[in-house]
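Colleague: I am new to this structure and would like to learn how to read it. Could you walk me through it?

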Amino acid sequence: MNGIPILTLLTVLPLAGAAVALFSGKQARGVALLSGLASLAVALFVWTQLPADGSIGLVERAAWVPSLGIEYHVGVDGLGALMLVLSAIVTLMAVDAAHRVHHMPGFFYGLILMLQSGLFGAFTALNFFHWFLFWELSLIPAFFLIKLWGGPRRGPAATQFFVYTMAGSAALLVSFLAIFFSTGSMDFGYLATLAQTGALTPMVESHLGSAMPWLAAGVLAGFAVKVPLMPFHTWLPEAYAEAPSPVTMLLTGAMSKMGLYGLLRIALPIFGVQIAAMRTPLLVLATITVVMGAWAAAAQTDLKRVFAYSSVNHLGYCMLAIFALAVPAAGAAQRASQAAALNGAILQIFNHGITAAALFWFVAMIQFRTNGLRGINDFGGLRKPAPIFAGLMGIALFSSLGLPGLNGFVGEFLIFRGVFPLAWVAASVSILGLLVTAVVLLTVIQKVFAGPTPERWAKFPDLHPSERMALTPVIVLMFLLGLAPQLIVDTINPTVMNLLAHWRF
Amino acid sequence: MEGPTPVSALIHAATMVAAGVFLVARVYPLMQAGAQPGGTTVALTVIVWVGAATAVFAALIAIAQNDIKRILAYSTISQLGYMMAGLGMGGVAVGMFHLITHAFFKSLLFMGAGSVIHGCRDEQDIRRMGGLKVDMPLTFITYAIGMLALCGFPLLFSGFWSKDGILEAAHGWSISRAPFYLLLFGVLLTAFYMTRQVCYVFFGYWRGRQTAHESPKTMTLPLVILALFAMALGAIGTPAWPWFHAFLEDRAVVFDLRAMADPRLLALMTASSIVVIFGLMLGWRFYGDRSPKPEAPDALEKIAPTLWAGLRDRLYVDELYGATVVAFYNWWARVADWLDRCIWGGMVAAVAALFGLWARFSRFFDRAWIDGGFDKGCEELSTGGGLLSRVEGGRAQNYLRILAAGVVALVAILLWSVRP
């Protein structure tokens with residue numbers, strides 16, 4: 001790829017799409033679909049162009065504000081490229097799910113594409129300033145999307161979402177200002193090298209005393225809010241429930257992944273030693289997230305809140321893996337466990353993105369057919385009038401609860417395979433989360449699709465051909481990745497090995 | 001059990017049973033790890049006790065059920081107990097042989113029950129059946145074969161051979177003789193509850209609403225095939241020709257009739273045969289050919305109403321789970337939700353309130369102190385200015401007056417200062 005700045009192109013493409021969509025009124029949806037397809041094509045192309053050794057490739061680098069250590073520096077490895085593909089897929093799904101937006105469609109699709117650009121920027125940036133810019137940039141469209149197109153309690157939900165994330169970002173910013181003050185650099189790669197050689201901590205200590213654990217905590221706080229890690233998650237059920245479904249799909253499918261990506265790209269490489277020191281409390285929090293998230297889902301009656309808490313639970317597994325592997329490896333067996341956990345976490349990020357987005361998509365379709373109803377007790381027996389609907393949503397639900405053969409299983413399996421030898425207590429307690437999630441999702445199937453069909457749902461419309469066509473690729477993907485996870489693992493495993501080789505705990 | 005009957009047959013005869021028992025058989029080397037030659041391990045001991053207890057426990061419950069499929073379902077649980085106990089005491093081949101024979105006669109029984117239910121127009125309550133041996137002869141004959149195989153009726157039926165293997169292993173177990181007696185008691189119970197079921201369904205006279213009819217060949221033909229297996233399959237695992245055991249243990253099979261003449265073995269077979277026949281007779285004695293009314297209390301209920309109620313309510317196992325696991329699940333879900341709303345959400349609300357309070361205080365401070373002080377200063381300046389402005393009124397008389405006063409004051413000061 002000599003010469004063609006493909007990652008810059010990828011980031012600019014949705015922005016251009018957004019600009020066009022903004023002024024194309026009713027045609028905005030078409031514009032957004034076209035732009036989304038083009039982005040997906042470019043993202044998939046990036047996926048094929050990765051360096052074979054798992055290092056960072058497709059690098060573009062230019063001076064920006066040299067006096068402040070700010071550079072335009074982008075590049076991707078397997079992890080980044082997978083996030084790009086995921087963002088592209090989820091955005092496309094969200095655009096497709098949004099066919100009911102009649103209120104200012106140009107603005108709506110414009111914001112969605114802007115959000116996508118923010119995601120692309122954040123997943124490719126290798127300099128803190130540049131990365132932070134896009135991290136925040138993605139927040140603004142999300143705020144307006146919730147605020148303007150959300151449900152009845154959208155105002156408080158949007159504000160809470162924004163303020164909460166901003167608070168996390170502020171902690172993150174302070175930490176990085178301190179790092180910049182001590183090292184004079186904002187470059188992730190350079191800082192990671194400093195951390196790996198053990199030079200970073202003395203540098204910070206010579207300027208700020210023993211501030212390093214606090215800086216790590218600040219960075220973790222920023223990501224913990226975004227993912228979210230309990231107890232920093234209370235914005236999530238509100239925001240997910242009140243946001244219009246396409247936006248919820250983006251929030252859970254792509255934006256929550258920014259936090260996990262940040263943990264892997266920024267927190268572990270730079271603050272590995274400090275995170276290893278905090279490992280036990282972090283593992284406790286991750287376990288709480290997994291178990292209590294699942295149980296909180298069991299107490300919900302709103303389908304969107306059920307899936308919101310189930311998302312908390314699913315991303316909890318990723319954090320469990322990420323924190324569990326933060327330990328100085330002793331021997332090949334432990335290194336293999338770390339690799340399994342990290343591979344599992346990355347797979348889970350992708351699989352959850354696809355599956356959770358699909359579930360919220362189905363909720364949108366249910367609401368479309370029932371004038372906005374989405375209570376778990378509002379339905380029953382929908383399997384009879386709408387068998388295909390029930391079947392496809394059933395597949396998505398089973399994927400979410402981790403049925404072997406579907407994509408949800410492989411990530412969770414690898415995570416537990418890796419975490420058990422590294423932190424067997426946390427792994428054993430977290431298994432409860434798997435069990436409870438299964439109960440919760442089967443309850444959804446039972447209450448919505450099984451049992452007698454009430455009179456008013458006797459004519460519940462099944463999926464029409466265009467919906468089936470839109471859903472087919474997603475369902476196929478669930479089976480494909482469930483049966484052949486090596487489609488992803490083969491590409492990310494070199495990256496995983498490369499990351500693990502450079503992390504110092 | 002609530003599934004469609006062919007599904008029940010599949011689940012009970014093959015899938016679920018095969019999964020659990022097969023997995024124990026598959027990991028048998030793990031279970032055996034650390035055992036002395038001829039000895040046993042803690043894991044296997046636990047399996048034996050759980051298996052023996054299950055065999056009796058489920059058989060007791062099966063006695064007091066009235067749903068034709070529910071009886072068979074509890075019977076399956078009971079037979080699972082036999083398989084597990086057999087695995088624990090006699091090894092893989094003993095347990096697996098019962099698994100295989102049971103698969104055939106239990107699927108025969110479930111399919112037969114399906115045929116009965118179909119013939120009685122979707123009736124599943126055995127109290128509303130009766131006399132079907134006349135209306136459904138083929139179903140009756142095959143069902144009777146399955147029932148005798150399940151009970152372990154001597155010689156002709158496969159269940160006899162597989163169950164005898166388990167009993168023989170139990171008799172020779174080094175740790176305790178109790179499982180043997182438990183399992184023998186289970187044999188009695190099995191014969192009893194199966195006799196009860198068959199009497200209710202096939203003997204006496206018809207107590208249902210509509211007339212019953214024999215099922216079509218598509219349903220009876222599989223019954224016949226399964227019935228043949230339920231009888232003949234025993235042949236591959238008799239002590240004289242233990243082909244199945246040899247196959248699993250990968251050794252050559254020898255035909256040796258003298259193995260049957262072993263006195264201990266003969267005694268055991270005789271004992272178990274006596275128990276089976278006694279159970280059948282006991283069942284016949286209670287339920288026989290008599291057709292009680294559907295509403296009438298059961299023959300056993302009249303003798304022991306409390307015990308009967310306990311057995312009928314399945315010894316409250318479901319209630320126990322409801323009161324423990326399910327209650328804990330629901331309670332804990334509420335706790336998680338409450339934590340979210342009140343504690344975590346409350347913390348956020350508290351922080352927000354604190355910010356609001358701080359903002360108000362800040363506003364107050366600004367207004368009252370900073371703005372207030374500034375305003376006060378301004379006010380004083382402007383008052384002073386007002387006072388001063390009066391001086392500059394623009395009236396010549398005032399100016400002259402002040403001028404005159406000034407001159408007087410100046411002269412006075414000069415005079416004062418030059419005073420000698």
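Colleague: Among contacts in chain A between residues at least 6 apart in sequence, what share join residues at least 24 apart?

Modeller: Two residues are in contact when their C-beta atoms, placed from the backbone, lie within 7 Å. In chain A, 80% of the contacts between residues at least 6 apart join residues at least 24 apart, and in chain B the share is 78%. This is a predicted model, where local features need pLDDT of at least 70, side-chain atom pairs count only at pLDDT 80 or more, and totals for chains, interfaces and linings use all residues. Residues are numbered from 1 along each chain as its sequence is written, with chains lettered from A and ligands numbered from 1 in the order in which they are written.

Colleague: Which residues have the most contacts inside the largest nonpolar core?

Modeller: A nonpolar core is a set of buried Ala, Val, Leu, Ile, Met, Phe, Trp, Tyr and Cys residues joined through C-beta atoms within 7 Å. Buried means that 20 or more other C-beta atoms lie within 10 Å of a residue's own; 12 or fewer means exposed, and in between is partly exposed. The largest core has 196 residues, and Leu84(A), Leu320(A), Ala321(A), Ala324(A) and Val419(A) have the most contacts inside it. Helix 15 of chain A (residues 332-369) gives the largest share, 20 residues.

Colleague: How are two packed helices described?

Modeller: By the angle between their axes and the distance between the axes. Axes are lines fitted to C-alpha atoms, for helices over the stretch in contact, and angles run from 0 to 180 degrees between N-to-C directions. In chain B, the axes of helix 4 (residues 68-90) and helix 5 (residues 92-119) come within 8 Å and cross at roughly 175°. That makes the two roughly antiparallel (over 145 degrees; under 35 is roughly parallel, 65 to 115 roughly perpendicular, the rest oblique).

Definitions and conventions
Helix = DSSP H or I, 4+ residues; strand = E, 2+ residues; numbered from the N terminus.
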